[in-house]
Amino acid sequence: MSAADEAIRRLFKAYKTIFKMLSDRGYSVEDSEMKLTMQQFVEKFGEKPKKDGLFMRKNKGENSSDKDHICVFFLEGQKVGVAQVRTCIERLKSEKVFSAILVVERAKGLSPGVNLAIKEVSTRFHIDVFEEAELLSNISEHALVPPHTVLTNQEKKELLDKYRVKEAQLPRILVTDPQAKYHGLKRGQVVKIVRDSQTADTYVTYRYCV
């Protein structure tokens with residue numbers, strides 16, 4: 001396989017995983033997008049896709065608010081600079097979207113100012129950065145990974161009231177944990193984890209994101 005063929009294969013796999021990730025986060029994804037084939041990908045984007053052409057914006061339904069929209073940017077080049085990221089942020093501002101995923105070739109290729117630029121807007125925008133390599137397979141589909149479900153604010157309140165605990169008393173999950181990152185967890189949110197049990201059908205735990 002040539003280097004060009006390998007590059008487009010990796011890009012296709014990352015693109016497909018993004019669709020599944022967005023679906024798992026509750027965004028509306030077309031069935032045709034979930035079933036996209038390599039041939040269809042090449043027919044749509046060409047054998048040398050321009051990454052800015054892979055941009056997508058998704059929502060959580062026709063009546064969803066701007067807060068329920070997300071933009072996905074595929075950034076060009078092994079080294080990503082501040083200017084590229086600021087362009088993404090400006091587009092988020094103009095489209096009034098507050099969540100985004102940036103897909104880069106190499107996280108080590110991010111310039112020192114990129115993380116700072118993202119941190120500067122973190123109180124307003126939730127931005128996740130993924131390497132293409134992280135998206136070549138879907139970690140949520142691994143046999144050893146139990147299902148994770150992010151609770152709504154109401155579900156979180158009902159959980160805390162039911163067990164008469166404060167959120168800080170729950171077991172924790174780091175915001176940098178691969179599953180937390182996959183599901184777009186934010187600090188303060190709670191995720192429900194359903195595991196197989198030897199003594200019961202399932203064992204349910206909850207983790208507080210920090």
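I count a charge as sitting over a ring if NZ of Lys or CZ of Arg is within 6 Å of the ring centre and within 35 degrees of the ring normal. With that rule I looked at Arg 91, which lies over the face of Phe 55, at 3.6 Å from the ring centre. I also found the charged end of Lys 60 over the ring of Tyr 27, 4.9 Å from its centre.

Ground rules. This is a predicted model, so local features need pLDDT of at least 70 and side-chain atom pairs count only at pLDDT 80 or more, while totals for chains, interfaces and linings use all residues. Residues are numbered from 1 along each chain as its sequence is written, and side-chain values use heavy atoms, with hydrogens and water left out.

Aromatic pairs. I paired rings of Phe, Tyr and Trp (its six-membered ring) if their centres lie within 6.5 Å; planes under 30 degrees apart are stacked, over 60 edge-to-face, the rest tilted. By this rule I get 8 aromatic pairs. Tyr 15 and Phe 19 make an edge-to-face pair, 4.9 Å centre to centre with 75° between the planes. Both lie in helix H1 (residues 3–24), 4 residues apart, about one turn of the helix. I took helices (H or I, at least four residues) and strands (E, at least two) as DSSP runs, numbered from the N terminus.

Tyr 15 counts as buried because its relative accessibility is 5%. Phe 19 counts as buried because its value is 3%.

Tyr 15 also pairs edge-to-face with Phe 45, at 5.4 Å centre to centre and 75° between the planes. Tyr 15 lies in H1 and Phe 45 in helix H3 (residues 38–45), so this pair ties together parts that are 30 residues apart in sequence. Phe 45 is buried, as is Tyr 15. I traced one aromatic cluster: Phe 12, Tyr 15, Phe 19, Phe 41, Phe 45 and Phe 74.

Cores. I defined a nonpolar core as a set of buried Ala, Val, Leu, Ile, Met, Phe, Trp, Tyr and Cys residues joined through side-chain atoms within 4.5 Å. The largest has 24 residues; Tyr 15, Ile 18, Leu 22, Phe 41, Phe 74 and Ile 101 touch the most other members. H1, H3, E2 and E3 are the elements that give two or more residues to this core. H1 gives the most, with 9 residues. Apart from this core lies another, of 19 residues, including Val 80, Cys 88, Val 121 and Ile 127.

Sheet. I counted two strands as paired if DSSP finds at least two bridges between them. 4 strands form an open sheet in the order E1-E2-E3-E4, with mixed pairing. E1 (56–59) and E4 (126–131) stand at the edges with a single partner strand each, so one side of each has no neighbour in the sheet. The twist averages 20° from one strand to the next. Strand E3 (residues 99–104) runs parallel to E4, joined by 6 bridges. Ser 99 stands opposite His 126 in E4.

Pro 171. I found Pro 171 in the loop between helix H6 (153–163) and strand E6 (172–173). Pro 171 is partly exposed, with a relative accessible area of 43%. Leaving aside neighbours within four places in sequence, Pro 171 is in contact (heavy atoms within 4.5 Å) with Tyr 206, Arg 207 and Tyr 208.

Notes: Buried < 20%, exposed > 50% of the residue type's maximum accessible area, 1.4 Å probe, protein only. Axes fitted to C-alpha atoms, helices over the stretch in contact; angles between N-to-C directions.
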